[in-house]
Amino acid sequence: MYQDKPETVPPTKAGKTLKQTDLSLHHHSCQTNMLDVTQRADELYTAYKIQELYDYLTQHKEVMNDEIQWRLARVTHDRAKHEKDKHRRQNSMLEAFSYAEKALELNPNSPHCHRWYGALLHFTTEGIGLKHKIQTAFKVREHFDKALELDPEDAISLHSIGYWCFVFAERPWYQRKIASALFEALPETTYDEALEWFMKAEKVKENFMCTNILMIGKTHLRLHNKEKAVEYLQKTLDFQVRTPDDEQSHKEAVDMLRHMGHGHLLKSCLHSDDAS
């Protein structure tokens, strides 16, 4: 019986077979293509063209590349912030989490993957009990800590840990009592600790985010440092509004200044129309 001989692939000058060379070239081409995709994605994100970026990246959502997946998580999260319908917004956040989950599986040594996994994990707790929410909150902190371990100069992770501390410091006494009963080594988070993290973030990258400035003001207010609170609330209003978070930060700053009896200071701020 006739039997085909195994295919013999001639070697190249470098000693590799043509098939091996083709595979190597294909791999290099894919890497170059993905670099082009991430660069284009970053350009669109810098310009804050969220819908355009989402449409662009979802064309590559099946690509098993952590750099693509965490960027998909980020833009889907930001897109969800624009969604007014609560149900659709929650679904979008869960979609964002699915990308973050995939990114972390692909690269557990990426600070971006840990940061976005931690940021989006919270949205998986909708409609579940307090015990599970507290357990999830500790997992969130673990991922923020890991992101910071991998990149100590990451201002967003520093801010995120500060926000985590602030939220836990804000919890009502009965939730803290439940948490203490569930966890033996429950950390005692304070407003002072939250402020320290927010200020570390500013030291790494000054004025990088409107929300961080707002949180410094809010935390000073909780600590009864009213003069400092007013200073940072005014600084919040110096930021140009580009994102839904910026808009919310402006609104909170205006409300707090008015509540503190400093409505007259709003005349010189960007939201002077709101103050009148």
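This is a predicted model: local features need pLDDT of at least 70, side-chain atom pairs count only at pLDDT 80 or more; totals for chains, interfaces and linings use all residues.
## Salt bridges around Arg-71

Side chains of opposite charge can pair when their charged atoms come close. The structure contains 16 salt bridges. One of them joins Asp-42 to Arg-71, with 2.9 Å between the closest N and O atoms. This pair connects distant parts of the chain, since Asp-42 belongs to helix 1 (residues 18-46) and Arg-71 to helix 3 (residues 66-81), 29 residues apart. The two partners can also be described by their accessibility. Asp-42 is partly exposed, at a relative accessible area of 28%, whereas Arg-71 has a value of 8% and is therefore buried, the limit for that class being under 20%.

Arg-71 also forms a salt bridge with Glu-67, at an N to O distance of 2.6 Å. Here both residues lie in helix 3, and because they are four residues apart, about one helical turn separates them. Glu-67 is partly exposed, with 29% relative accessibility. Together with Arg-74, the residues Asp-42, Glu-67 and Arg-71 are linked in a network of salt bridges.

Another salt bridge is formed by Arg-141 and Asp-145, whose closest N and O atoms are 2.9 Å apart. Both residues are in helix 6 (residues 130-150), and their spacing of four residues means that they are separated by about one helical turn. Which of these two partners is buried, and which is partly exposed? Arg-141 is buried, at 15% relative accessibility, while Asp-145 is partly exposed, at 33%.

In soluble globular proteins, nonpolar side chains tend to be buried together. In this model, the largest nonpolar core comprises 55 residues, and Leu-57, Leu-120 and Trp-164 have the most contacts inside it. The greatest contribution to this core comes from helix 7 (residues 155-170), which supplies eight residues. There is also a second, separate core of nine residues, among them Leu-237, Met-256, Leu-257 and Leu-266.

## The pairing of helix 3 and helix 4

Helix 3, which holds Arg-71, is also paired with helix 4 (residues 86-106): the axes of the two helices come within 8 Å and cross at roughly 165°. Angles over 145 degrees count as roughly antiparallel, so helix 3 and helix 4 are described as roughly antiparallel to each other. The crossing of helix 3 with helix 4 is left-handed.

Residues of several kinds take part in the contact. On the side of helix 3, they include Trp-70, Leu-72, Ala-73, His-77 and Lys-81. On the side of helix 4, they include Arg-89, Met-93, Glu-95, Tyr-99 and Leu-106.

## Two residues with positive phi

Most residues other than glycine have a negative phi. Where does the model place residues that depart from this pattern? One is Tyr-48, whose phi is positive, near 55°. Tyr-48 is located in the loop between helix 1 and helix 2 (50-57). Its relative accessible area is 15%, so Tyr-48 is buried.

Asn-207 is not a glycine either, yet its phi is positive, at about 55°. Asn-207 is found in the loop between helix 9 (191-204) and helix 10 (210-222). With a relative accessibility of 41%, Asn-207 counts as partly exposed, whereas Tyr-48 is buried.

Note on methods:
Residues are numbered from 1 along each chain as its sequence is written. Side-chain values use heavy atoms; hydrogens and water are left out. A salt bridge is a side-chain nitrogen of Lys or Arg within 4 Å of a carboxyl oxygen of Asp or Glu. Buried means under 20% relative accessible area, exposed over 50%, partly exposed in between (1.4 Å probe, protein chains only). A nonpolar core is a set of buried Ala, Val, Leu, Ile, Met, Phe, Trp, Tyr and Cys residues joined through side-chain atoms within 4.5 Å. Axes are lines fitted to C-alpha atoms, for helices over the stretch in contact, and angles run from 0 to 180 degrees between N-to-C directions. Angles under 35 degrees count as roughly parallel, over 145 as roughly antiparallel, 65 to 115 as roughly perpendicular and the rest as oblique. A crossing is left-handed if the near helix is turned anticlockwise from the far one by less than a right angle, and right-handed if clockwise. Contact means heavy atoms within 4.5 Å.
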